[in-house]
Amino acid sequence: MALLEAQGIVSGYGGMEILHGVSVRVEPGQIVTIIGPNGAGKSTLLKAIFGLLWVKAGRVTFNGTDITNWSPERIVRLGMCFVPQTENVFPSLTVQENFEMGAFIRTDDYRARMEEVFELFPDLKARRHVKVGALSGGQRQMVALGRALMLDPKLLLLDEPSAGLAPKMVELIFERIRDINKSGVAIVMVEQNAREALKFSDRGYVLAGGENRFEDTGPALLQNEEIGRLYLGG
Ligand SMILES: Nc1ncnc2c1ncn2[C@@H]1O[C@H](COP(=O)(O)OP(=O)(O)OP(=O)(O)O)[C@@H](O)[C@H]1O
Ligand SMILES: [Mg+2]
């Protein structure tokens, strides 16, 4: 059984249809990367899956449950978290306080989980009492990831986790994402650093104009000449 299956998603903003029947499938433990030109509908797809936009037609199934048009609050409780591209941390709070905010729906003792999350991000552990606004862009992205992990999700949706970061930092973020994946969390990410991301993706999807264009394993997409020319800058 797929962990996440979005089938024929039709969605958009108000009366404007952006997704014209998009499908994506994620098996447990996989890393799936969605690429495509600006305005393709990648962010819109994540928002529709996560209940932030109305799904007009199609179906989203998570771990066997039909979650189409559920609220994000209900979806989170099933084990899916979404890290948006911007405004995904509280800059005026410390790293630890951000993690505590991430645990907001937990009624049990989350301190052990917080230490596990700090183990995944050694750079943050030493800075746990620093205000997030004072951190570098890459460290802030790690706080956003760590915050989502506080709920012990089965699946993370990441919208451009490496956006705006220097190449070295991109590498580091991708390394952390692979660590998170190895800890048992499936990943769906939208990425502009497509070549780097596809290298370690179990599957890649190309979206354009609100439709599926291609899908294959990450490495196979990288070897596809047409994909290279059209979507990976030659
Ligand atoms: N809040 C909004 N209201 C109305 N239209 C929107 C809104 N957000 C996005 N759109 C439009 O929806 C289309 C798809 O946008 P989306 O953000 O999903 O693209 P994307 O593939 O994530 O692109 P990018 O690579 O630039 O992030 C675009 O035409 C965009 O202008
Ligand atoms: Mg986007």
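This is a predicted model: local features need pLDDT of at least 70, side-chain atom pairs count only at pLDDT 80 or more; totals for chains, interfaces and linings use all residues.
I started at ligand 1, where one of its oxygen atoms sits 2.9 Å from a polar backbone atom of G39. I count a polar contact as a pair of N or O atoms within 3.5 Å; within protein, one must be able to donate a hydrogen and the other to accept it, and residues adjacent in sequence count only if both atoms are side-chain atoms. Residues are numbered from 1 along each chain as its sequence is written, chains are lettered from A and ligands numbered from 1 in the order in which they are written, and side-chain values use heavy atoms, with hydrogens and water left out.

**Around the ligand**

From K42 I found a polar side-chain atom 2.8 Å from a ligand oxygen. On its own, ligand 1 exposes 630 Å², and the protein buries 61% of that (Shrake-Rupley method, 1.4 Å probe; for residues, only the protein chains shown count as cover).

I then listed the shell: 13 residues surround ligand 1, with G39, K42, S43, T44 and Q192 the closest (near means a heavy atom within 4 Å). By class I get five nonpolar, six polar and two charged. Ala, Val, Leu, Ile, Met, Phe, Trp, Tyr, Cys and Pro are nonpolar, Asp, Glu, Lys and Arg charged, and the others, Gly among them, polar. Helix 1 gives the largest share, three residues. Strand 2 (16-26) and helix 1 (42-49) each supply at least two. Helices (H or I, at least four residues) and strands (E, at least two) are DSSP runs numbered from the N terminus.

I looked at the largest pocket next and got a volume of about 400 Å³. Of its 19 lining residues, F50, V76, F82, F104 and R147 are closest to the centre. I sorted that lining into 14 nonpolar, two polar and three charged. A pocket here is an open set of points on a 1 Å grid over the protein atoms alone, where a 1.4 Å probe fits, with protein on both sides within 12 Å along at least five of seven lines; lining residues have an atom within 4 Å of a point. Volume is the space filled by probe spheres set on the points.

The second largest pocket holds about 200 Å³.

I traced an open sheet of four strands, order 2-1-4-5, with antiparallel pairing. Its edges are strand 2 and strand 5 (65-66). Strands pair if DSSP finds at least two bridges between them; strand 1 (residues 4-13) and strand 2 are joined by eight. I checked two partners: L4 stands opposite V26, and I9 bridges to V22. In their hairpin, with two residues between the strands, G14 takes a positive phi near 55°.
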